[in-house]
Amino acid sequence: MKIHFTGIAGAGMAAVAQMMQDAGHQVSGSDQDVFPPMSTFVEGLGLPVSWRLDAANLPRDLDVLVQGASAKLGGDDNVEAAEARRRGVRVTTFPELVGDLTRDRINTVVAGSFGKSTCAALAAHVLRSCGVDAGWLVGAISPSLPATGRWGASPEMILEGDEYIVGPNDRRSKFDLYHPQRLLLTSLVHDHVNVFPTFAEYEAPFRELLRGLPSDGLAILRDHPAVREIAGETRARVVWYGGWEGGWRAEDEVFGEVSRFVLVSPDGIRTPMTTGLLGAHNIENIVGVSALLLDTGLVTLEGLVRAVASFEGIRRRLDRLTRTSRIPVIEGFGSSWEKARSAIEALRLHFPDRKLVVVFEPHTFSWRSRDALSWYDTVFEGADRVLILPPPGHGAESHHQSTLVEIVERTRAAGVDARPVMGAAKAQDALSTLSGDEVVLLLSSGPLAGLPESLPPMFDRLYGT
């Protein structure tokens, strides 16, 4: 088929475009107002890409147009979608396309409020390292994978399952469309309050996901109260991880540049493992993926140990950006309270003797909403200084949006040294006179004023060893 992706720089869209290219389809794409790393990533895919939406971007004899769901893509007013409809071409979304085309594969959905990108990428990496030609869809960039999306030749398919809705006119969660045989559920904590105002509404799609597993399926579930609450919804066999008894777990953790721990199976088999990933939460992610791949017999224990040790993680998830600076600059993905806390706790764990400086952008709806101001009461515990950039405005949502002043004052009221910074230049100035005993954490799900690109060379120059 000829497939055109309108909004190809979305993480999921780019991954599915790669899957389709790997499956032998002719793929093109377009987007606008895109920032790195996705813009540079898409440019390196070798696909025809336009950075302006235009009906002329659509190839002749187009079979399918895949339209992204973000507001910037214009919804029903998108000129490319309008042209496709005028021609009688099918217009769809990437979850619908993936669901349709993988229906006959052995699909493993990796879902949860956090940890799903890392777990999906790690599972794909381990399978690939062990010679299994699986397909995968990962909504983040990993240096350990040749692509974020791959079709593969084996029946196995690893799909990162996003609970967010398909689009403004389709309120189903994306993972509703993926027909899983197996599920790895990493966490369940209220998120995306703009589309799931209550926890009950947020939890409902996960209940449906469990109900949709076949009776001969498999559910690998993290031992957590909210997950325990819904575990009875499934007919599939349940395997637990992350607890202390009866399931897969980690013991004897020693954290450092390379962390060590012992993987313990439900029947007590103990296997020493190492990882370069930061944080206790990443060791738990490794345990979950190990439970999935070993329980299904997809890999050997020896192959798993080697592959986990070589996994380099994913971009923006505690990714070290500096090379020679004696002050490390590390980028985390701060889209929610839980993800920000995991990043801060990981840096306190791995750099206990350094002062922690956080550069934060309240980019997602939740961080900007006045309903979530209480997040700032606890999220920066353990940070010595926090530089906060202004929240971006997003159309109709902005009327209920917290101001930068409100966010800074709320953070200071929690006893945190919080300072507003109006843009990249001010942030650079504030970071140009550090003493040398700090570690800097960048937290955002947005562009963060280009600081992930501009700070590393500045730090390597000012604080180089």
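What radius of gyration would a compact globule with 465 residues have, and what does the protein have?

## Overall size

A compact globule with 465 residues would have a radius of gyration near 23 Å, and the protein agrees with this because its value is 22 Å. The radius is taken over C-alpha atoms, and the globule rule is 2.2 Å times the number of residues to the power 0.38. Along the principal axes, the C-alpha atoms fill a box of roughly 60 × 60 × 45 Å.

This is a predicted model, in which local features need pLDDT of at least 70 and side-chain atom pairs count only at pLDDT 80 or more, while totals for chains, interfaces and linings use all residues. Residues are numbered from 1 along each chain as its sequence is written, and side-chain values use heavy atoms, with hydrogens and water left out.

## Fold and burial

The protein has 14 helices and 23 strands (DSSP runs numbered from the N terminus: H or I of at least four residues for helices, E of at least two for strands). Of the 465 residues, 56% count as buried (under 20% relative accessible area, 1.4 Å probe, protein chains only). Among contacts (heavy atoms within 4.5 Å) with a separation of 6 or more, 66% are between residues 24 or more positions apart.

## Helix H14

Helix H14 covers residues 451–462. Its twelve residues should span 16 Å at 1.5 Å a residue, and its end C-alpha atoms agree, being 15 Å apart (the expected span is 1.5 Å times one less than the number of residues).

The buried residues of H14 are Leu451, Pro452, Leu455, Pro456, Met458 and Phe459. Their cover includes strands S19 (329–333), S20 (355–360) and S23 (438–444), together with helix H13 (424–431).

Technical notes. Buried means under 20% relative accessible area, exposed over 50%, partly exposed in between (1.4 Å probe, protein chains only).
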